[in-house]
Amino acid sequence: MPMRFDHADHVQTVVAHASAAASSPVAASWRRCLMLHGLSPEEVRTPWRLSEPEFRQARARSSVLIEEARGEIDRLFATVGKAGCCLLLTDENGIALERRGAAGDDRDFRGVGLWSGTVWSEASVGTNGIGTALADERPVLILRDQHFLSQNTGLSCTTAPIRDHTGRIAAAIDISTCRDDAGEMTMSILSQAVRDAAARIEAGLFRRAFAAARILLVPVEGRTAPALLAVDRDDLVLGATRAARQVLGLDDRRIAMGVAASDLLHEDRAEDGRDLDDAERAALRRVLTRAGGNVSQAADLLGISRATLYRKMKKLSIN
């Protein structure tokens with residue numbers, strides 16, 4: 001009991017100093033919990049829990065996410081599950097859609113509410129990995145007494161948000177542990193694993209959304225999040241991940257107006273009139289390849305005469 005009130009006093013003291021709240025993401029989260037959500041650090045509360053119908057509806061809304069992420073969280077759990085860790089995949093509201101945990105640890109995790117169908121938003125349970133990562137829209141590491149509620153100071157968790165094909169927050173993936181020996185170094189290693197898993201899920205969601213498009217990787221140094229462009233057959237950008245949008249200055253409006261990937265990536269282009277020649281040359285070479293080099297067959301495929309095709313080949317220097 002004294003520890004609970006010591007933690008509560010610490011939270012109140014930190015939040016009372018505006019400069020600390022402004023400089024520390026954890027302190028800023030504590031301030032939201034007190035001022036915005038009306039929570040008290042010493043209160044005893046468990047995460048909100050959805051009813052079975054509500055949980056089924058939440059999973060149905062996120063069916064594509066669950067399908068894409070299932071293999072990734074299975075692989076991640078195979079690596080960390082024996083170390084006393086629990087994995088959660090949530091939607092953008094912090095609803096735990098998928099859970100992985102070892103049977104021997106289930107009692108501890110169920111006791112703190114790390115279970116499918118619970119809601120780990122800040123409004124529900126104060127500062128925590130999932131809720132704070134979703135609120136701040138960035139990966140976070142929350143160690144023991146960085147949690148808002150005193151009752152959760154035995155937990156350590158690391159979470160990374162997952163964005164959809166439009167760059168908006170769609171989900172989060174979290175590793176949590178109740179182990180006392182899970183130090184900051186261990187959790188930092190797990191944090192990188194979580195960020196990598198989130199990046200792969202995000203890339204998978206993007207490729208699903210633009211299954212018929214050509215996917216380009218935007219060269220960016222020092223980024224975990226995937227910087228991808230979806231491009232149609234005419235080189236126009238159909239979509240971009242959040243990282244690509246930030247690097248290339250893209251938004252929904254600019255994409256809708258139409259922009260060429262080659263212009264964004266500053267690829268060398270020929271002078272006026274040469275772009276069309278290049279495009280025609282590439283198209284003719286593709287048809288000739290399909291025809292196995294048979295000019296007559298290629299002309300038939302194009303719907304032009306053999307003589308016309310020969311003239312075009314000569315003009316475009318196609319041997």
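How far apart do the end C-alpha atoms of residues 73-201 lie, and what are the helix and strand percentages of the span?

**Entry 1. Basis and annotated spans**

I worked from a predicted model, in which local features need pLDDT of at least 70, side-chain atom pairs count only at pLDDT 80 or more, and totals for chains, interfaces and linings use all residues. Residues are numbered from 1 along each chain as its sequence is written, and side-chain values use heavy atoms, with hydrogens and water left out.

I found the end C-alpha atoms of residues 73-201 to lie 9 Å apart, in a span that is 35% helix and 27% strand. I took helices (H or I, at least four residues) and strands (E, at least two) as DSSP runs, numbered from the N terminus. In UniProt, an unreviewed entry gives residues 73-201 as "domain: GAF". The unreviewed entry also lists residues 276-316 under "domain: DNA binding HTH". UniProt positions are in the numbering used here, feature names are shortened, and annotations may be inferred rather than shown by experiment. For residues 276-316 I noted 80% helix and 0% strand, with the end C-alpha atoms 11 Å apart.

**Entry 2. Strands S2 and S3**

I looked up the pairing of S2 (residues 85-91) with S3, and found an antiparallel arrangement joined by four bridges. Strands count as paired here if DSSP finds at least two bridges between them. Leu-89 has Glu-98 in S3 as its bridge partner. The hairpin of S2 and S3 has four residues between the strands, and Gly-94 in this hairpin takes a positive phi near 85°.

Why is strand S3 (residues 96-100) described as largely enclosed by the rest of the structure? Five of the five residues of S3 are buried, where buried means under 20% relative accessible area, exposed means over 50%, and partly exposed lies in between (1.4 Å probe, protein chains only).

I then turned to S9 (residues 228-231), which is covered on both faces. Leu-228 and Ala-230 on one side, and Leu-229 and Val-231 on the other, are all buried. S8 (residues 214-217) runs antiparallel to S9 and is joined to S9 by four bridges. S10 (residues 237-240) also pairs with S9 in the antiparallel sense, over three bridges. I noted that Ala-230 stands opposite Ile-215 and opposite Gly-239 in S10.

S9 and S10 form a hairpin with five residues between them. Asp-235 is buried, at a relative accessible area of 19%.

Where is Glu-137 found? I placed Glu-137 in the loop between H8 and strand S5 (140-143). Its phi is near 55°, again positive in a residue other than glycine. Glu-137 is partly exposed, with a relative accessible area of 41%.

**Entry 3. Cavity**

Rolling a probe the size of a water molecule over the atoms shows where empty space is left. I searched the whole structure and recorded one cavity of 30 Å³ or more. A cavity is a set of points, on a 1 Å grid over the protein atoms alone, where a 1.4 Å probe fits but cannot get out; lining residues have an atom within 4 Å of a point. Grid points are joined across faces, edges and corners, and a volume is the space filled by probe spheres set on the points.

The largest cavity has a volume of about 40 Å³. Its lining includes Leu-114, Trp-120, His-147 and Asp-174. Helix H8 (129-136) and strand S7 (169-177) each supply at least two lining residues. By class, I noted five nonpolar, four polar and one charged residues in the lining. Ala, Val, Leu, Ile, Met, Phe, Trp, Tyr, Cys and Pro count as nonpolar, Asp, Glu, Lys and Arg as charged, and the others, Gly among them, as polar.

**Entry 4. Cysteines**

How many disulfides does a search of the whole structure find? I found zero, taking a disulfide as a pair of cysteine sulfur atoms within 2.5 Å. Cys-33 is in no disulfide, and the nearest cysteine sulfur, in Cys-157, is 12 Å away. Cys-33 is buried, with a relative accessible area of 0%. For Cys-178, the closest cysteine sulfur is that of Cys-86, at 8.3 Å, too far for a bond. Cys-178 is partly exposed, at 25% relative accessibility.

**Entry 5. Leu-309**

I located Leu-309 in helix H15 (residues 306-315). Leu-309 is buried, with a relative accessible area of 0%. Leu-309 and Ser-296 are 13 residues apart in sequence, and their C-alpha atoms are 8.7 Å apart in space.

Definitions and conventions:
1 Å grid on protein atoms, 1.4 Å probe; cavity = no way out; pocket = protein on both sides within 12 Å on 5 of 7 lines; lining within 4 Å.
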